[in-house]
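Keep the viewer open as you read.

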Amino acid sequence: MTEAPETPESSLTGSLLVAMPGMPDPRFAHSVIYICAHSGDGAMGLIVNRIVESLDFTELLTQVGVDDITVTRDLPIHYGGPVETGRGFVLHSREYHHEGTISVDDHIGLTASVDVLREVARGRGPDKCLLALGYAGWGSGQLEIEMQENGWLHVPADDDLIFSETIDDKWRSAILKIGIDPNMLSSTSGRA
């Protein structure tokens, strides 16, 4: 078994993980994940390039008891990951702050309250936002091991890539961002 490196000072919080072509877990094939938290205890992130087709924003609002307002701003619902798929998160630009908002970095916040959904539905709330159900999570050292085993690329995040509505291009755009041609990536790993 591969041991995780000791790297608490090299947090990936606020960056993107891009699944390599040989990702062994089909739930993450071609995923782009924004890392909301990363420490020695583990990591948590949201997949930003997968939509939940079976549910729309108005239906979600009704399910969480927000059916007393007229929706003026619609949002696609993202599949944030396989953990707690009934739990919702809004990843958003930092000008919006509510009780319970977590500041991920200088540009991005994370809020998991019904209040942010009300604000978005009314056309208020954050300028840029991404609504996700579920999240991706890793235990202590697990993400580091997966990266060593060629499962993920680490890519600097930017608002345009995170909040773009062009879902199909995010994986390719993220890899191109670091100057790599996605067609040149191998689906196998090795050691020199």
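What follows covers the ground rules, the aromatic pairs, one alanine and the nonpolar cores.

## Ground rules

This is a predicted model, so to speak in its own terms: local features need pLDDT of at least 70, side-chain atom pairs count only at pLDDT 80 or more, and totals for chains, interfaces and linings use all residues. Residues are numbered from 1 along each chain as its sequence is written, and side-chain values use heavy atoms, with hydrogens and water left out.

## Aromatic pairs

A search of the whole structure turns up four aromatic pairs. To count, rings of Phe, Tyr and Trp (its six-membered ring) need centres within 6.5 Å; planes under 30 degrees apart are stacked, over 60 edge-to-face, and the rest tilted. Strands here are DSSP runs (E, at least two residues), numbered from the N terminus.

Which geometry do the rings of Trp138 and Trp152 have? Their centres are 6.0 Å apart and their planes at 85°, so this pair is edge-to-face. Trp138 belongs to strand 8 (residues 129-139) and Trp152 to strand 9, so the pair ties together parts that are 14 residues apart in sequence.

Phe28 is buried at 9%, Trp138 is buried at 7%, and Trp152 is buried at 4%.

## Ala136

Ala136 is also in strand 8, and at 0% relative accessibility it counts as buried. Skipping residues up to four places away in sequence, Ala136 touches Phe28, Ile33, Ala43, Met44, Gly45, Gly80, Gly81 and Pro82; contact means heavy atoms within 4.5 Å.

## Nonpolar cores

A nonpolar core is a set of buried Ala, Val, Leu, Ile, Met, Phe, Trp, Tyr and Cys residues joined through side-chain atoms within 4.5 Å. The largest has 26 residues, and those with the most contacts inside it are Tyr34, Cys36, Leu46, Leu91, Leu110 and Ile162. Apart from that one lies another core, of 18 residues, including Leu60, Ile69, Val116 and Val120.

Technical notes: Buried means under 20% relative accessible area, exposed over 50%, partly exposed in between (1.4 Å probe, protein chains only). Helices (H or I, at least four residues) and strands (E, at least two) are DSSP runs, numbered from the N terminus.
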